[in-house]
Amino acid sequence: MEDRGLNSGDNYRIYGLALSLYRGSAPIGGGLERICSVFGEPGHYAIYISFILAIDKFRFNRVGNLILFTIGCLTFSTAYYGLMTMGIMYRIVLEKGVGKGVKNVLLIIIGLLFLVIIFGGNNFFYTASNRIFEDREVDNIVDLVENRASNETKEIYSDFLNSGKLLIGNGYDERPLQITNWRGFIYQFGVIGVLITLFLILSIIKKS
């Protein structure tokens, strides 16, 4: 958390058990306050929640998983919504129909959507238009990802590739780097760290 503030001037606001990330006085990612926990951005938190739900095979009939699902929705992460759509379809195919767990999920989605529109309708539509429908002249997903990386990020990463830290990474140093881009992960943890992470993920998938 300290590293995030030092590098970008961002700050966290605590609302009971929820943490939201701000840049100055504005919520990160648009007009909505997106839950992020202690992670670098809401999207990071959403991906971790998705992994936990995937490990448990998206069993939405469990109370704990429904709580995680609800928290993930409040990150307002488009990646999370895509992953949960696949998870819901997986359960429908597995159960050969809409089971109780999926029905619970649909009720949560309708309930949250209703509350968000009532209490923050303008911010909701502003965020959706900026994150999903804004004019991006891209031909494919690779271009979309690349457009989210600044030129400064690409230059820092290029210097990193020619340094002696490619294997072990830089960790959390004071040089600004856009960690929401895939380069940030390699930059911080190096090739060895990336391989260890992939090994752990594959191990979890194999056991599940």
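The expected span of a helix is 1.5 Å times one less than its number of residues. This is a predicted model: local features need pLDDT of at least 70, side-chain atom pairs count only at pLDDT 80 or more, and totals for chains, interfaces and linings use all residues. Residues are numbered from 1 along each chain as its sequence is written, and side-chain values use heavy atoms, without hydrogens or water.

**View 1. Helix H4 and its length.** Helices are DSSP runs (H or I, at least four residues), numbered from the N terminus. At 1.5 Å a residue, the 18 residues of H4 should span 26 Å. The end C-alpha atoms of H4 are 26 Å apart, which agrees. Lys 96 follows H4 and has a positive phi, near 55°.

View 2. Tyr 80, Met 84, Gly 87, Ile 88 and Arg 91 are the buried residues of H4. Buried means under 20% relative accessible area, exposed over 50% (1.4 Å probe, protein chains only). Seen down the axis of H4, the buried residues fall within an arc of 100° (directions from the helix axis to the C-beta atoms), so they line one face of the helix. On the other side, Met 86 and Val 93 are exposed.

**View 3. Phe 69 in the largest nonpolar core.** This core has 17 residues. A nonpolar core is a set of buried Ala, Val, Leu, Ile, Met, Phe, Trp, Tyr and Cys residues joined through side-chain atoms within 4.5 Å. Phe 69 touches Leu 53, Phe 60, Tyr 80, Met 84, Val 105, Ile 108 and Ile 109 (heavy atoms within 4.5 Å), not counting residues up to four places away in sequence.

Notes
Helices (H or I, at least four residues) and strands (E, at least two) are DSSP runs, numbered from the N terminus.
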